[in-house]
Amino acid sequence: AVPSTQAHRTIRIATLTAQGHDAVGRGVGAAMRPRQKDAIEALSGAPRGIPVPELKARGISTDVLQRLAERGLLAFRRERVERNPFAGDVAGISVSRSSTGRMLTGEQSCALEALGAAAAAERFSVFLLQGVTGSGKTEVYLRLSELVQRSGKSVLVLGPEIALTPAIASAFREAFGDRVAVQHSGLSDGERSEQWHRIRRGDMSVVVGTRSAVFAPLTNLGLIIVDEEHDTSFKQEETPRYNGRDVAVMRGQRERVLVVLGSATPSLESNQNAENGRYTRLLMEKRVEERPLASVSVVDMRQEYAEHGPD
(Lines give C-alpha, C1' and ligand atoms only; values in the text may rest on other atoms or scores of the structure.)
Protein backbone atom coordinates (compact mmCIF):
# COMPACT_ATOMS: atom_id res chain seq x y z
CA ALA A 1 0.00 0.00 0.00
CA VAL A 2 1.09 3.56 -0.65
CA PRO A 3 2.09 5.28 2.60
CA SER A 4 -0.36 7.95 3.69
CA THR A 5 0.58 11.54 2.95
CA GLN A 6 -1.31 12.53 6.12
CA ALA A 7 1.80 11.69 8.12
CA HIS A 8 3.88 14.52 6.67
CA ARG A 9 5.20 16.89 9.32
CA THR A 10 4.51 20.60 8.89
CA ILE A 11 5.95 23.68 10.53
CA ARG A 12 4.39 27.10 11.11
CA ILE A 13 6.04 30.04 9.36
CA ALA A 14 5.52 33.68 10.38
CA THR A 15 5.64 36.38 7.68
CA LEU A 16 4.98 40.10 7.64
CA THR A 17 1.73 41.26 6.06
CA ALA A 18 1.47 44.33 3.83
CA GLN A 19 0.39 46.25 6.91
CA GLY A 20 3.46 44.98 8.72
CA HIS A 21 5.74 46.18 5.92
CA ASP A 22 4.04 49.56 6.06
CA ALA A 23 4.77 49.70 9.78
CA VAL A 24 8.44 49.00 9.08
CA GLY A 25 8.45 51.73 6.44
CA ARG A 26 7.04 54.21 8.93
CA GLY A 27 9.47 53.09 11.58
CA VAL A 28 8.54 50.78 14.42
CA GLY A 29 6.42 52.70 16.90
CA ALA A 30 7.87 53.61 20.26
CA ALA A 31 4.78 52.18 21.92
CA MET A 32 5.61 48.69 20.63
CA ARG A 33 7.11 46.35 23.18
CA PRO A 34 10.79 45.32 22.73
CA ARG A 35 10.04 41.70 21.76
CA GLN A 36 7.36 42.80 19.29
CA LYS A 37 9.86 45.24 17.80
CA ASP A 38 12.46 42.44 17.58
CA ALA A 39 9.97 40.21 15.77
CA ILE A 40 9.00 42.89 13.24
CA GLU A 41 12.64 43.75 12.52
CA ALA A 42 13.61 40.09 12.12
CA LEU A 43 10.71 39.36 9.77
CA SER A 44 11.34 42.48 7.70
CA GLY A 45 14.60 40.91 6.51
CA ALA A 46 13.04 37.55 5.68
CA PRO A 47 10.72 37.74 2.63
CA ARG A 48 9.86 34.03 2.91
CA GLY A 49 9.20 34.31 6.63
CA ILE A 50 10.81 32.63 9.62
CA PRO A 51 9.77 29.35 11.29
CA VAL A 52 8.07 29.94 14.63
CA PRO A 53 10.50 27.58 16.47
CA GLU A 54 13.41 29.67 15.18
CA LEU A 55 11.78 32.86 16.44
CA LYS A 56 11.16 31.19 19.80
CA ALA A 57 14.85 30.29 19.92
CA ARG A 58 15.56 34.02 19.54
CA GLY A 59 13.46 34.73 22.61
CA ILE A 60 10.29 35.77 20.73
CA SER A 61 7.40 33.85 22.24
CA THR A 62 4.31 32.54 20.51
CA ASP A 63 2.24 34.99 22.57
CA VAL A 64 4.20 37.94 21.12
CA LEU A 65 3.67 36.65 17.59
CA GLN A 66 -0.03 36.06 18.21
CA ARG A 67 -0.53 39.63 19.42
CA LEU A 68 1.17 40.97 16.28
CA ALA A 69 -1.05 38.73 14.16
CA GLU A 70 -4.14 40.08 15.91
CA ARG A 71 -2.99 43.58 14.94
CA GLY A 72 -2.70 42.46 11.33
CA LEU A 73 1.08 42.95 11.20
CA LEU A 74 1.99 39.32 10.52
CA ALA A 75 0.39 36.11 9.30
CA PHE A 76 1.10 32.41 9.67
CA ARG A 77 1.27 29.63 7.12
CA ARG A 78 2.24 25.99 7.30
CA GLU A 79 4.94 24.33 5.22
CA ARG A 80 5.76 20.68 4.85
CA VAL A 81 9.10 19.64 6.30
CA GLU A 82 11.07 16.62 5.12
CA ARG A 83 12.13 14.55 8.09
CA ASN A 84 15.74 13.43 8.31
CA PRO A 85 15.88 9.78 9.42
CA PHE A 86 19.65 10.08 9.76
CA ALA A 87 19.39 12.70 12.48
CA GLY A 88 21.23 11.52 15.57
CA ASP A 89 22.83 8.44 14.00
CA VAL A 90 24.50 10.30 11.18
CA ALA A 91 24.25 13.92 12.25
CA GLY A 92 27.23 16.04 11.32
CA ILE A 93 28.77 13.53 8.93
CA SER A 94 30.49 15.10 5.96
CA VAL A 95 28.96 14.18 2.62
CA SER A 96 32.33 14.03 0.89
CA ARG A 97 33.77 10.64 -0.04
CA SER A 98 36.07 9.79 2.85
CA SER A 99 36.88 6.51 1.13
CA THR A 100 38.24 8.10 -2.04
CA GLY A 101 41.78 8.21 -0.76
CA ARG A 102 41.84 4.66 0.57
CA MET A 103 44.03 2.18 -1.22
CA LEU A 104 42.20 -0.98 -2.20
CA THR A 105 43.71 -4.37 -1.50
CA GLY A 106 44.40 -6.67 -4.41
CA GLU A 107 41.29 -8.71 -3.61
CA GLN A 108 39.13 -5.60 -3.39
CA SER A 109 40.45 -4.36 -6.72
CA CYS A 110 39.78 -7.68 -8.44
CA ALA A 111 36.27 -7.86 -7.00
CA LEU A 112 35.50 -4.27 -8.00
CA GLU A 113 36.79 -4.84 -11.53
CA ALA A 114 34.61 -7.93 -12.02
CA LEU A 115 31.53 -6.32 -10.51
CA GLY A 116 32.03 -3.07 -12.40
CA ALA A 117 32.16 -4.95 -15.69
CA ALA A 118 29.00 -6.88 -14.78
CA ALA A 119 27.17 -3.66 -13.89
CA ALA A 120 28.26 -2.00 -17.13
CA ALA A 121 26.88 -4.95 -19.12
CA GLU A 122 23.38 -3.91 -17.98
CA ARG A 123 22.01 -7.42 -17.78
CA PHE A 124 20.93 -9.69 -14.97
CA SER A 125 23.66 -11.52 -13.10
CA VAL A 126 24.25 -12.56 -9.49
CA PHE A 127 27.62 -12.46 -7.76
CA LEU A 128 28.33 -13.99 -4.36
CA LEU A 129 30.94 -11.77 -2.69
CA GLN A 130 32.34 -14.09 -0.06
CA GLY A 131 34.73 -12.18 2.17
CA VAL A 132 35.95 -12.76 5.70
CA THR A 133 34.97 -10.22 8.32
CA GLY A 134 37.15 -7.14 7.89
CA SER A 135 38.07 -7.89 4.28
CA GLY A 136 36.52 -4.62 3.09
CA LYS A 137 33.26 -5.66 1.43
CA THR A 138 31.62 -2.35 2.36
CA GLU A 139 34.29 -0.38 0.52
CA VAL A 140 33.64 -2.49 -2.57
CA TYR A 141 29.91 -1.78 -2.22
CA LEU A 142 30.57 1.97 -2.00
CA ARG A 143 32.87 2.15 -5.01
CA LEU A 144 30.64 -0.06 -7.11
CA SER A 145 27.63 2.09 -6.19
CA GLU A 146 29.57 5.18 -7.20
CA LEU A 147 30.27 3.66 -10.62
CA VAL A 148 26.60 2.75 -11.09
CA GLN A 149 25.41 6.22 -10.08
CA ARG A 150 27.80 7.85 -12.52
CA SER A 151 25.90 6.05 -15.26
CA GLY A 152 22.69 7.68 -14.04
CA LYS A 153 21.25 4.61 -12.35
CA SER A 154 20.00 4.02 -8.81
CA VAL A 155 21.16 1.58 -6.13
CA LEU A 156 19.26 -0.58 -3.63
CA VAL A 157 21.14 -1.84 -0.55
CA LEU A 158 19.58 -4.31 1.88
CA GLY A 159 20.92 -5.01 5.36
CA PRO A 160 19.83 -7.77 7.73
CA GLU A 161 18.23 -5.89 10.61
CA ILE A 162 17.65 -2.49 12.16
CA ALA A 163 20.64 -2.89 14.48
CA LEU A 164 23.02 -3.08 11.52
CA THR A 165 21.23 -0.82 9.04
CA PRO A 166 22.36 2.49 10.65
CA ALA A 167 26.00 1.48 10.20
CA ILE A 168 25.44 0.65 6.52
CA ALA A 169 23.33 3.77 6.05
CA SER A 170 26.02 5.90 7.69
CA ALA A 171 28.66 4.65 5.27
CA PHE A 172 26.47 5.38 2.26
CA ARG A 173 25.30 8.71 3.68
CA GLU A 174 28.91 9.76 4.19
CA ALA A 175 29.71 8.74 0.64
CA PHE A 176 26.67 10.07 -1.24
CA GLY A 177 25.07 12.71 0.95
CA ASP A 178 21.38 13.52 1.04
CA ARG A 179 20.46 11.38 -1.98
CA VAL A 180 20.43 8.36 0.34
CA ALA A 181 17.04 7.22 1.68
CA VAL A 182 16.61 4.79 4.54
CA GLN A 183 13.73 2.35 4.94
CA HIS A 184 13.20 0.21 8.04
CA SER A 185 10.55 -0.44 10.68
CA GLY A 186 12.28 1.81 13.21
CA LEU A 187 11.09 4.91 11.34
CA SER A 188 7.94 6.71 12.35
CA ASP A 189 4.97 6.58 9.97
CA GLY A 190 5.71 10.14 8.87
CA GLU A 191 9.39 9.44 8.20
CA ARG A 192 8.58 6.27 6.29
CA SER A 193 5.95 8.07 4.21
CA GLU A 194 8.20 10.98 3.33
CA GLN A 195 11.10 8.71 2.40
CA TRP A 196 8.81 6.61 0.21
CA HIS A 197 7.47 9.63 -1.66
CA ARG A 198 10.96 11.09 -2.15
CA ILE A 199 12.12 7.77 -3.60
CA ARG A 200 9.11 7.61 -5.91
CA ARG A 201 9.71 11.19 -7.12
CA GLY A 202 13.27 10.26 -8.04
CA ASP A 203 14.83 12.55 -5.44
CA MET A 204 16.89 9.69 -4.01
CA SER A 205 19.41 7.61 -5.95
CA VAL A 206 20.31 5.17 -3.14
CA VAL A 207 17.97 3.29 -0.82
CA VAL A 208 19.35 1.51 2.24
CA GLY A 209 17.04 -0.64 4.32
CA THR A 210 15.93 -3.94 5.76
CA ARG A 211 13.97 -6.62 3.91
CA SER A 212 10.87 -4.51 3.15
CA ALA A 213 13.07 -1.96 1.33
CA VAL A 214 13.30 -4.48 -1.51
CA PHE A 215 9.95 -3.08 -2.66
CA ALA A 216 11.15 0.56 -2.68
CA PRO A 217 9.86 2.36 -5.81
CA LEU A 218 13.29 3.13 -7.27
CA THR A 219 13.35 3.93 -10.96
CA ASN A 220 16.17 3.20 -13.40
CA LEU A 221 17.65 0.63 -11.05
CA GLY A 222 21.22 -0.41 -11.81
CA LEU A 223 22.43 -2.40 -8.80
CA ILE A 224 21.05 -4.41 -5.86
CA ILE A 225 23.28 -5.28 -2.91
CA VAL A 226 22.26 -7.69 -0.15
CA ASP A 227 24.73 -7.50 2.73
CA GLU A 228 24.98 -10.47 5.14
CA GLU A 229 22.72 -12.38 2.76
CA HIS A 230 22.74 -15.45 5.02
CA ASP A 231 20.99 -13.65 7.89
CA THR A 232 17.64 -15.17 8.87
CA SER A 233 16.08 -11.74 9.49
CA PHE A 234 15.63 -11.41 5.73
CA LYS A 235 12.80 -13.95 6.12
CA GLN A 236 9.40 -12.54 7.01
CA GLU A 237 7.38 -15.05 8.98
CA GLU A 238 4.09 -13.12 8.90
CA THR A 239 1.81 -13.00 5.88
CA PRO A 240 2.88 -12.27 3.23
CA ARG A 241 5.84 -14.57 3.83
CA TYR A 242 8.93 -13.91 1.76
CA ASN A 243 12.71 -13.87 1.89
CA GLY A 244 14.08 -10.40 1.14
CA ARG A 245 17.23 -11.88 -0.39
CA ASP A 246 15.27 -14.06 -2.81
CA VAL A 247 12.92 -11.22 -3.74
CA ALA A 248 16.01 -9.06 -4.41
CA VAL A 249 17.31 -11.68 -6.84
CA MET A 250 13.92 -11.90 -8.55
CA ARG A 251 13.71 -8.11 -8.81
CA GLY A 252 17.18 -8.05 -10.31
CA GLN A 253 16.08 -10.61 -12.89
CA ARG A 254 12.95 -8.65 -13.76
CA GLU A 255 14.82 -5.36 -14.09
CA ARG A 256 17.89 -6.92 -15.70
CA VAL A 257 20.44 -5.60 -13.22
CA LEU A 258 23.43 -6.82 -11.24
CA VAL A 259 22.73 -8.38 -7.84
CA VAL A 260 25.56 -8.70 -5.29
CA LEU A 261 25.10 -11.02 -2.31
CA GLY A 262 27.71 -10.41 0.38
CA SER A 263 28.63 -12.66 3.28
CA ALA A 264 31.50 -14.14 5.23
CA THR A 265 29.43 -17.30 5.70
CA PRO A 266 27.10 -17.73 2.72
CA SER A 267 23.77 -19.46 3.13
CA LEU A 268 23.47 -23.04 1.93
CA GLU A 269 21.25 -21.91 -0.96
CA SER A 270 23.65 -19.23 -2.19
CA ASN A 271 26.63 -21.52 -1.76
CA GLN A 272 24.90 -24.21 -3.83
CA ASN A 273 23.98 -21.67 -6.52
CA ALA A 274 27.64 -20.66 -6.68
CA GLU A 275 28.72 -24.30 -6.87
CA ASN A 276 26.42 -25.08 -9.80
CA GLY A 277 27.34 -21.90 -11.69
CA ARG A 278 24.10 -19.95 -11.29
CA TYR A 279 26.00 -17.35 -9.24
CA THR A 280 29.57 -16.15 -9.73
CA ARG A 281 31.65 -16.44 -6.56
CA LEU A 282 34.24 -13.78 -5.70
CA LEU A 283 36.53 -14.57 -2.77
CA MET A 284 38.10 -12.05 -0.38
CA GLU A 285 40.09 -14.16 2.05
CA LYS A 286 42.39 -11.55 3.59
CA ARG A 287 41.53 -8.79 6.01
CA VAL A 288 42.43 -5.19 5.20
CA GLU A 289 46.01 -4.37 6.27
CA GLU A 290 46.49 -8.07 7.06
CA ARG A 291 44.79 -7.65 10.43
CA PRO A 292 44.63 -10.99 12.29
CA LEU A 293 41.32 -12.76 12.75
CA ALA A 294 39.92 -13.05 16.25
CA SER A 295 41.27 -16.03 18.15
CA VAL A 296 38.80 -18.84 18.76
CA SER A 297 38.90 -21.44 21.52
CA VAL A 298 36.74 -24.55 21.68
CA VAL A 299 35.67 -25.34 25.22
CA ASP A 300 34.03 -28.62 26.23
CA MET A 301 31.24 -27.29 28.41
CA ARG A 302 30.36 -30.78 29.56
CA GLN A 303 33.67 -30.94 31.43
CA GLU A 304 33.20 -27.40 32.76
CA TYR A 305 29.74 -28.30 34.01
CA ALA A 306 31.01 -31.50 35.64
CA GLU A 307 33.79 -29.64 37.46
CA HIS A 308 32.09 -26.37 38.38
CA GLY A 309 28.36 -26.92 38.09
CA PRO A 310 25.89 -24.62 36.31
CA ASP A 311 27.40 -21.46 37.88
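**Note on the predicted model: strands, cores and selected residues**

1. Strand S8 (221-227) is mostly covered, with seven of its seven residues buried. Buried here means under 20% relative accessible area, exposed means over 50%, and partly exposed is what falls in between, using a 1.4 Å probe and protein chains only. Strands (E, at least two residues) and helices (H or I, at least four) are DSSP runs numbered from the N terminus.

2. On the basis of the note: this is a predicted model, in which local features need pLDDT of at least 70 and side-chain atom pairs count only at pLDDT 80 or more, while totals for chains, interfaces and linings use all residues. Residues are numbered from 1 along each chain as its sequence is written, and side-chain values use heavy atoms, with hydrogens and water left out.

3. S8 pairs with strand S5 (residues 154-158), running parallel to it, through five bridges. Two strands count as paired if DSSP finds at least two bridges between them.

4. S6 and strand S7 (residues 206-209) pair in the parallel sense over four bridges, and Val 182 has Val 208 in S7 as its bridge partner. Between S6 and S7 the chain passes through helix H8 (residues 189-201), giving a right-handed β-α-β crossover. Right-handed means that, with the strands pointing away from the viewer, the path from the first strand over the helix to the second runs clockwise.

5. For the protein overall, the secondary structure comes to eleven helices and twelve strands. Of its 311 residues, 44% are buried. Contact means heavy atoms within 4.5 Å. Among contacts between residues at least 6 apart in sequence, 80% join residues at least 24 apart.

6. The largest nonpolar core has 31 residues, and Phe 172, Leu 258 and Val 260 have the most contacts inside it. Helix H7 (residues 165-176) gives the largest share of this core, six residues. Apart from it lies another core, of 23 residues, including Val 126, Val 214, Leu 218 and Leu 261. A nonpolar core is a set of buried Ala, Val, Leu, Ile, Met, Phe, Trp, Tyr and Cys residues joined through side-chain atoms within 4.5 Å. Beyond its neighbours within four places in sequence, Val 260 is in contact with residues including Leu 115, Phe 127, Leu 223 and Ile 225.

7. Arg 245 lies in helix H9 (residues 244-255). Is Arg 245 buried or exposed? Arg 245 has a relative accessible area of 5%, so the residue is buried. The side chains of Arg 245 and Ser 267 are joined by a polar contact of 3.0 Å. A polar contact is a pair of N or O atoms within 3.5 Å; within protein, one must be able to donate a hydrogen and the other to accept it, and residues adjacent in sequence count only if both atoms are side-chain atoms. Residues up to four places away aside, Arg 245 touches Glu 229, Phe 234 and Glu 269, among others.

8. Some backbone points deserve a look. A cis peptide bond, with omega about 0 degrees, joins Thr 239 and Pro 240. Pro 240 lies in the loop between strand S9 (235-236) and strand S10 (242-243). Asn 220, a residue other than glycine, has a positive phi near 55 degrees; Asn 220 is placed in the loop between S7 and S8 and is partly exposed at 44% relative accessibility. Glu 228 is not a glycine either, yet has a positive phi of about 55 degrees. Glu 228 sits in the loop between S8 and S9 and is partly exposed, with a relative accessible area of 24%.

9. Leu 16 lies in strand S1 (residues 9-16) and counts as buried at 11% relative accessibility. Leu 16 and Leu 43 are 27 residues apart along the chain, with their C-alpha atoms separated by 6.2 Å.
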